[in-house]
Amino acid sequence: MDVTEAIRRRRMTRSFESRPIDSEVLDEILMTSLLAPSAGNSRGTSWISLLGELETARYFEAATDESWRRSAPRAPGLLRAGAVALLVADPAAYVERYSAPDKVGSGLGRSIEAWPVPYWWGDAGGVVMAALLLAEEAGLGACIHGAFRNVDAVKSSLGIPEPMLVYGALLLGHPAGDDRRSASLDRPGPSRAERIHHAGW
Ligand SMILES: Cc1cc2nc3c(=O)[nH]c(=O)nc-3n(C[C@H](O)[C@H](O)[C@H](O)COP(=O)(O)O)c2cc1C
């Protein structure tokens, strides 16, 4: 599979088979994804991997409500994910890197607040995209879950230190093939000309 094909084929999978996924395949996806570009080579992103039902339950029980797990139409398919990997970003690693002599002139080494564009989020997006494409290549389905609810509970359940930020959770598994189509896909989108501007906005 080439890169273009992987990008074109990739879609979020929100319904998995209960079949487990291979731990070596998971490790390989996570390790290789960390080769994504990193600002200043700071490499302040890391994964927490949860493999198998007992471990993935720790994420789902902290991140979701009991009523969602019991009655949301998508819950059964998502809860069957063979693995969940949380991507964690450490802003302090970037501040420290940008206070080194070769970067101190940027002014970004002063504090987290000094960053007009927090590079840790960009790095996290690159890592996640790489992992999504690697999952596609490995014949697995994957879905990213944003971290917008119960984040403190997730952090405390998995022992993530306070200054670390959670970018999201990558759910991975064998696709069940019965995904409910996301309403997001039916929204009319911007045209090509609105997204690729030539020679100026
Ligand atoms: C940062 C980020 C957060 C997302 N959060 C969620 C989420 O919480 N739940 C979900 O079902 N999909 C989530 N998605 C998936 C998007 O809805 C999906 O990528 C988009 O609708 C396009 O569909 P496709 O990826 O299948 O092409 C997220 C995607 C990104 C990049």
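Colleague: Do H3 and H8 cross in a left-handed or a right-handed way?

Modeller: The crossing of H3 and H8 is right-handed, meaning that the near helix is turned clockwise from the far one by less than a right angle. This is a predicted model, where local features need pLDDT of at least 70 and side-chain atom pairs count only at 80 or more, while totals for chains, interfaces and linings use all residues. Residues are numbered from 1 along each chain, as its sequence is written.

Colleague: OK, what angle do H3 and H8 make?

Modeller: Helix H3 (residues 53–63) packs against helix H8 (residues 151–158) at about 150 degrees, and their axes are 8 Å apart. So H3 is roughly antiparallel to H8, a label for angles over 145 degrees. Angles run from 0 to 180 degrees, between N-to-C directions. Helices are DSSP runs (H or I) of at least four residues, and strands (E) of at least two.

Colleague: Which residues of H3 and H8 touch?

Modeller: H3 brings Arg58, Tyr59, Ala62 and Ala63, and H8 brings Ala153, Val154, Ser157 and Leu158. Contact here means C-beta atoms within 7 Å.

Colleague: New topic: in what order do the strands of the sheet come?

Modeller: The order is E1-E2-E4-E3, in an open sheet of 4 strands with antiparallel pairing. Strands pair if DSSP finds at least two bridges between them. At the edges sit E1 (45–51) and E3, and each of them pairs on one side only. From one strand to the next, the twist averages 20 degrees.

Colleague: How many bridges link E2 and E4?

Modeller: There are 7 bridges between E2 (residues 83–89) and E4 (residues 165–173), in the antiparallel sense. Leu86, for example, has Ala169 in E4 as its bridge partner.

Colleague: And which strands does H2 touch?

Modeller: Helix H2 (residues 23–33) packs on the sheet and touches E1, E2 and E4. The direction of H2 makes about 165 degrees with that of E1.

Colleague: What about H2 and H7, then: what's their angle?

Modeller: H2 and helix H7 (residues 119–137) pack at about 140 degrees, with axes 8 Å apart. H2 passes H7 in a right-handed crossing. On the H2 side the contact uses Ile29, Leu30, Thr32 and Ser33. On the H7 side, Val127, Ala130, Ala131, Leu134 and Ala135 take part.

Colleague: Last one: which strand gives the most to the shell around the ligand?

Modeller: Strand E3 (residues 141–146) does, with 4 residues. Among the residues around the ligand are Arg11, Met12, Arg14, Cys143, Ile144, His145 and Gly146, where the cut-off is a C-beta atom within 6 Å.

Notes: Angles under 35 degrees count as roughly parallel, over 145 as roughly antiparallel, 65 to 115 as roughly perpendicular and the rest as oblique. Two residues are in contact if their C-beta atoms, placed from the backbone, lie within 7 Å.
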